[in-house]
Amino acid sequence: MGLAAAVIIIIGLVVWMLLTMMKLKNSGQSLLGDAPEKAVEAIFDNDFREELRNRGRLHFEKIITDSAMFLQQDLRLTSSQMAEHIKSVITSKLQDEIVKYVQSVEDAKNVAIEAIEKTNAAIDEQRKALSAQIQAEVAAEKTRAINEFSAHMAEIVNHYILMSIGNQIDLSDQLEFILADLEKNKKDIIEDITHVG
Amino acid sequence: MSDDNKTGALPSSVISPAQVAHLEAELSKLNEIITQFEIKSDRPDVKLNDITPELHEYLKLNNLDILNPDQRSTALNHLKLVSANAPVLHFSFAVDPSPDFTAKLVTWLRSNIHPLCLMVIGLAPDIGAGCYVRTTNKSFDLTLKTRLDVNRQNLINSIKDLNKISLKPSE
C-alpha cells in the first residue's frame with residue numbers, strides 16, 4: 001500500500017513535470033530553447049534516480065517486513081484460536097461421549113439388576129413350590145408309613161417279638177393261652193372231627 | 001375194656017398215630033412170641049421190663065394182662081381201631097414242645113374233644129407264640145399275630161390315650 005502510494009506519487013510528479021515542461025515547451029520553446037530539458041536532466045540525474053530507487057527499496061522492504069509481521073501475528077492469532085476451538089470441540093465431544101458411556105453403564109447396571117431380581121423371584125417361586133411339594137411328599141410318605149404300620153401292626157409286633165426273644169420262647173408258659181383259645185374253638189373242632197367220623 | 005373204642009384209653013405218653021402204630025406193632029410181635037411159647041407148652045418168659053414204657057403204661061391204664069390171650073387180642077383190636085378211626089389234630093408250634101407240654105395238651109384234648117384224640121406236631125418258626133391247629137376240614141389260627149390283630153383297636157386306643165396324656169400341659 002505504501003509502496004503503491006509512493007510509486008503513484010513519483011509517477012504523478014514525473015507526469016506533472018512532463019506536462020509542465022510541455023507547457024513550457026509549447027509556450028516558451030521558442031523563448032527557452034532546451035533549457036528546461038537541461039533543468040530536468042539536472043534534477044533527475046542518476047543520483048536522484050538511485051536515491052529514489054533506494055528509497056523505494058527501503059520502503060518496499062519496510063512494507064514487506066510490516067506485512068510479514070502482521071501476517072505472523074495474524075497466523076499466531078489464528079493458530080491460537082484454532083487450537084482453542086479444537087480444544088473446546090474435543091472437550092465437548094469427550095464430555096458427550098463420557099456422558100453417553102456413563103448412561104450406558106447405568107442402563108446396563110439397571111438391566112442386570114432387573115434380570116437378577118427376576119431370577120431371584122423365579123428362584124423364590126420355585127423354592128416355595130419345591131418346599132410345598134416336598135412337604136406334601138413327606139406328609140404322604142408319613143401317612144403311607146403309618147397306614148402300612150397300622151395295616152401290618154400285628155405282623156410287625158410279632159416279628160419284633162421273634163427277633164427279640166426268638167427261640168427262647170417257652171411253650172410251657174403258653175399252655176394256658178393255647179388251652180384258652182382251644183376252649184373258645186372247642187365246639188367247631190368237635191363238630192369238624194365228629195362230622196368226619 | 002370193651003370193644004367200644006370209647007372205653008379204651010390211651011396213655012398221655014402216646015400222642016401220635018405213629019406211636020399208636022408202634023404200640024400195635026410191638027403188641028403184635030409180643031403176641032406172636034407168647035403164642036409160640038404157648039404152643040410149645042412153655043410158660044412165656046416175658047417180663048414187664050422187656051416191653052416199652054408206652055406199652056407198659058397202656059396195659060396198666062387199661063388193666064390188661066399181656067399173658068392173657070383174650071386181653072391181648074382185645075388190645076390189638078382196640079389199637080387197630082384207634083389207628084383207623086381216632087381223630088387226628090395237627091399242631092404247629094414255633095419250637096419243639098417238651099414231653100410234659102404235649103402230655104398236658106393231649107390230656108386236655110382227650111378230656112374235652114375226644115377220648116382218643118391223637119396229635120401230629122410240626123414246626124413253624126415264624127409263629128412266634130401260640131400255634132396253628134388243623135383238623136380234617138378246618139384250620140384254627142391260635143397265634144400271637146391273630147391275637148394282636150383282634151386286639152389292634154385296643155392298642156390304637158391305648159396309644160391315643162397315651163398321646164392325650166403326653167400333650168396335656170403339665171400342671
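1. B:His78 is buried, with a relative accessible area of 3% (buried means under 20%, exposed over 50% and partly exposed in between, with a 1.4 Å probe and protein chains only). Although 69 residues separate B:His78 from B:Ala9 in sequence, their C-alpha atoms are 9.3 Å apart in space.

2. The model is a predicted one, in which local features need pLDDT of at least 70 and side-chain atom pairs count only at pLDDT 80 or more, while totals for chains, interfaces and linings use all residues. Residues are numbered from 1 along each chain as its sequence is written, chains are lettered from A and ligands numbered from 1 in the order in which they are written, and side-chain values use heavy atoms, with hydrogens and water left out.

3. Within chain B, the axes of helix H1 (residues 17–39) and helix H3 (residues 69–85) come within 10 Å and cross at roughly 155°; axes are lines fitted to C-alpha atoms, for helices over the stretch in contact, with angles running from 0 to 180 degrees between N-to-C directions. H1(B) and H3(B) are therefore roughly antiparallel to each other (over 145 degrees; under 35 counts as roughly parallel, 65 to 115 as roughly perpendicular and the rest as oblique). The contact, meaning heavy atoms within 4.5 Å, includes B:Leu27 and B:Ile34 of H1(B) and B:Leu76 and B:Leu79 of H3(B). Its residues divide into 9 nonpolar, 4 polar and 4 charged, where Ala, Val, Leu, Ile, Met, Phe, Trp, Tyr, Cys and Pro count as nonpolar, Asp, Glu, Lys and Arg as charged, and the others, Gly among them, as polar.

4. Between the chains, the axes of helix H5 (residues 171–184) of chain A and helix H4 (residues 99–112) of chain B come within 10 Å and cross at roughly 15°, and H5(A) and H4(B) are therefore roughly parallel to each other. Among the residues that meet here are A:Leu175 and A:Ile178 in H5(A) and B:Phe101 and B:Trp108 in H4(B), and the residues of this contact divide into 8 nonpolar, 2 polar and 2 charged.

5. Chain B also holds an open sheet of 4 strands in the order S2-S1-S3-S4, with mixed pairing (two strands pair if DSSP finds at least two bridges between them). The edge strands, S2 (118–123) and S4 (139–143) of chain B, each pair on one side only. Strand S3 (residues 130–134) of chain B runs antiparallel to S4(B) and is joined to S4(B) by 5 bridges, and B:Val133 has B:Phe140 in S4(B) as its bridge partner.

Definitions and conventions. Helices (H or I, at least four residues) and strands (E, at least two) are DSSP runs, numbered from the N terminus.
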